[in-house]
Amino acid sequence: MKKQQITVLGSTGSIGTSTLDVVARHPDRFEVFALSAATQVDLLLAQCAQFRPRFAVMASAPHAALLAEKLVANSLPTQVLQSQDALELIASHDEVDAVMAAIVGAAGLAPCLAAARAGKRLLLANKEALVVGGGLFMQTVREGRATLLPIDSEHSAIFQCLPEDPATWVQRVDSILLTASGGPFRQRDPSTLAEITPAQACAHPNFSMGRKISVDSATMMNKALEVIEARWLFDLHPDQIKVVIHPQQIIHSMVQFKDASILAQLGTPDMRVPIACGLAWPERIASGASKLDFSTLSALAFEDADAHRFPGLHLSWQALKAAEGTTAVLNAANEVAVGAFLSGRLRFDHIHAVNLATLEAVSPSKPNSLEALLDLDSQARNAAEQAADRLAA
Ligand SMILES: NC(=O)C1=CN([C@@H]2O[C@H](COP(=O)(O)OP(=O)(O)OC[C@H]3O[C@@H](n4cnc5c(N)ncnc54)[C@H](OP(=O)(O)O)[C@@H]3O)[C@@H](O)[C@H]2O)C=CC1
Ligand SMILES: CC(=O)[C@@H](O)[C@H](O)COP(=O)(O)O
Ligand SMILES: [Mn+2]
């Protein structure tokens, strides 16, 4: 069997390291072609020593210079590249078969589009890219004849439950149910949300993830982004997408069919499962995750999301029904607000206020290119920074 050449964008993050864990279990199937990171030079160096990629990309020149120096000192042959073009190069290189898109935020959009244009197997964890790019992203996948496979656990679950032929979805599928943990504050008194610290917000009940997605889970903006992600991945009307809180995260999501039958995908909460599924699809390979033990499993619970506690969740449906580009504005606002909260500049309960103020301040005008989307993203970031400054004052 020819080994698959893999590029991992964001290899030093939570998804990146889990991906390399799965890859390392299958040296007969996968080889690492390129890795990328932003700040963690020593971790990327260790990954280069273990996986011997041809290229390593760093997001900034000083980090790239430091990595290059350390690679030479360790007699490692990996070539260091730096620049936005470099990410696009390793995502679209002729020798690459599959690209794991695990950069956090809108920064991952351009390399995703490059991989899609080049017809790669695109393993999408970077949900913000789809929230920002929506229609353009899916059009590029179609035109590039790329294979887009969801890595986000809920979307991987939906993908596994749907009939294989997308042409039959319209006749068969009624709706999808995205499950949500409810995050660390599902039962916290809403009047105390102003006091929450970054460490408390990042303490997700079931998954160890990057800080940005952890805060999104705590506000349920993660689920809002996932509603938008599902709309594009599965070509659904926003009203066909429902959210149900399921604190144990054993059921990763469900598809409701026209006859009222429901298919669900279950498993222990471990991202190596959807990652292994995407890497090998349609085959199945060992992921390293533990199996579910039904003899020790406690009850599975379900509840509705409280709109007072989680006011951001409903912005997803509103943004999807508003002018094209509104989801890009929402994403940019949320990235700025979460960054401001994590740096101690903004209160937790003001994240939603920044998102609302930005949606009011910025009216998108049908962005239909990467440049137009990045321009809109930058306008929205400016408006969000101003809103955060006003609230912080
Ligand atoms: N973690 C999870 O379980 C899940 C994550 N996802 C999604 O996957 C994506 C990654 O999440 P996660 O792994 O948790 O995030 P992390 O913060 O753990 O990792 C992010 C990665 O992206 C790199 N990075 C950060 N900013 C930039 C930038 N501006 N340019 C280039 N590279 C950058 C980081 O580099 P460095 O560390 O070197 O600074 C790191 O390698 C997100 O979109 C998230 O929503 C989806 C489902 C589950
Ligand atoms: C693992 C994964 O896919 C994350 O998106 C995680 O599911 C977060 O879950 P909640 O946002 O429901 O807390
Ligand atoms: Mn998810």
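Student: What is the division of the shell around ligand 2 into nonpolar, polar and charged residues?

Tutor: The shell around ligand 2 holds three nonpolar, five polar and three charged residues. Ala, Val, Leu, Ile, Met, Phe, Trp, Tyr, Cys and Pro count as nonpolar, Asp, Glu, Lys and Arg as charged, and the others, Gly among them, as polar. The model is predicted, with local features requiring pLDDT of at least 70 and side-chain atom pairs pLDDT 80 or more, while totals for chains, interfaces and linings use all residues. Residues are numbered from 1 along each chain as its sequence is written, and chains are lettered from A and ligands numbered from 1 in the order in which they are written.

Student: Which residues are around ligand 2?

Tutor: They are Asp152, Ser153, Glu154, Ala180, Ser181, Gly183, Phe207, Ser217, Asn222, Lys223 and Met271. Each qualifies because its C-beta atom, placed from the backbone, lies within 6 Å of the ligand.

Student: Which residues of the shell around ligand 1 are the closest?

Tutor: Of the 28 residues around ligand 1, the closest are Gly10, Gly13, Ala37, Met209 and Gly210. Helix 1, helix 6 (127-144) and helix 10 (211-219) are the elements giving two or more residues to this shell. Helix 1 provides the largest share, three residues. The shell around ligand 1 comprises 13 nonpolar, 11 polar and four charged residues.

Student: Why does Gly267 count as buried?

Tutor: Gly267 has 21 C-beta neighbours inside 10 Å. A residue is buried if 20 or more other C-beta atoms lie within 10 Å of its own, exposed if 12 or fewer, and partly exposed in between, with C-beta atoms placed from the backbone. Gly267 therefore meets the cut-off for buried. Gly267 sits in the loop between strand 11 (262-266) and helix 12 (272-280). Leaving aside neighbours within four places in sequence, its contacts (C-beta atoms within 7 Å) are His252, Val273, Ala289 and Leu292. The C-alpha atoms of Gly267 and Leu292 are separated by 5.8 Å, although the two are 25 residues apart along the chain.

Student: Why is helix 12 called largely enclosed?

Tutor: Helix 12 is described in this way because seven of its nine residues are buried. They are Val273, Pro274, Ile275, Ala276, Cys277, Gly278 and Leu279. These residues pack against helix 1, strand 2, strand 5, strand 6 (121-124), strand 7 and helix 7.

Student: What makes strand 4 and strand 7 edge strands?

Tutor: The open sheet has seven strands in the order 4-3-2-1-5-6-7, with parallel pairing. Strand 4 (79-82) and strand 7 (147-150) each pair on one side only. Two strands pair if DSSP finds at least two bridges between them.

Student: Which residues have the most contacts inside the largest nonpolar core?

Tutor: Ala101 and Ala337 do, in a core of 117 residues. Helix 14 (residues 326-342) gives the most to this core, with 10 residues. Such a core is a set of buried Ala, Val, Leu, Ile, Met, Phe, Trp, Tyr and Cys residues joined through C-beta atoms within 7 Å.

Technical notes. Helices (H or I, at least four residues) and strands (E, at least two) are DSSP runs, numbered from the N terminus. Two residues are in contact if their C-beta atoms, placed from the backbone, lie within 7 Å.
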